[in-house]
Amino acid sequence: MTDVHHDTAERSTVQLEEEGDIAADYIEELLDIMDLDGDIDIDARNGRAYVSVNAGEGANLNLLSKPETVSAFQELTRLAVQTKTGAFSRLILDIGGSRDARRDELASLVARAAERIDGGASEASLPPMSSYERKLVHDLVAERGLHSESRGEGADRHTVITRIG
């Protein structure tokens with residue numbers, strides 16, 4: 001089995017597409033078991049496989065698109081991929097646009113934190129979140145011309161925003 005800490009940036013597009021295909025098959029089986037319809041799209045970018053599940057009006061995907069549920073399905077899907085490939089997977093799963101909705105929530109958190117800093121606070125801490133979400137926050141903070149860093153360990157790892165310099 002490949003080292004869990006293997007740098008996925010070295011992963012080829014072919015490997016990422018294989019991860020996406022395995023993940024799509026796994027998710028399709030889950031949707032069938034739950035009697036849900038969904039269209040699955042696979043993409044490879046930034047050294048990760050991205051798998052999106054979307055459906056038309058009237059579909060019950062909203063039951064699965066809550067952030068905690070998406071995270072749980074993502075972990076299960078990563079394990080399914082890892083079992084087949086023998087390599088750690090960092091694939092990202094989106095169900096019913098949940099990732100875009102979460103990005104919007106994170107943008108609001110960053111905006112409120114920036115207001116606190118503009119109001120004189122030396123720093124503003126955000127709640128603990130996944131590494132993927134912290135990466136989004138770091139990008140959002142940089143767009144505002146502020147500095148961010150991750151602090152804490154494990155489930156307590158969170159982002160702290162400060163002025164640059």
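This is a predicted model: local features need pLDDT of at least 70, side-chain atom pairs count only at pLDDT 80 or more; totals for chains, interfaces and linings use all residues.

Strands β4, β6 and β5 make up an open sheet of 3 strands, in the order β4-β6-β5, and the pairing is antiparallel. At the edges are β4, covering residues 123-125, and β5, covering 147-151; each of these pairs on one side only. From one strand to the next, the twist averages 25°.

Two helices can now be placed against these strands. Helix α3, residues 98-118, packs on the sheet and touches β4 and β6. The direction of α3 makes about 155° with that of β4. Helix α4, residues 131-143, lies across β5 and β6, and α4 runs at about 160° to β5.

Another pairing involves strands β2 and β3. Strand β2 spans residues 48-54, and its pairing with β3 is in the parallel sense, over 4 bridges. Within this pairing, S52 stands opposite D94 in β3.

Strand β3 itself covers residues 92-95. Which way do its residues point, and are they buried or exposed? I92 and D94 point one way from the strand, while L93 and I95 point the other way. Residues on both sides are buried. D94, then, is a buried residue of β3 that has S52 opposite it.

How values were computed
Residues are numbered from 1 along each chain as its sequence is written. Side-chain values use heavy atoms; hydrogens and water are left out. Buried means under 20% relative accessible area, exposed over 50%, partly exposed in between (1.4 Å probe, protein chains only). Two strands pair if DSSP finds at least two bridges between them. Axes are lines fitted to C-alpha atoms, for helices over the stretch in contact, and angles run from 0 to 180 degrees between N-to-C directions. Contact means heavy atoms within 4.5 Å.
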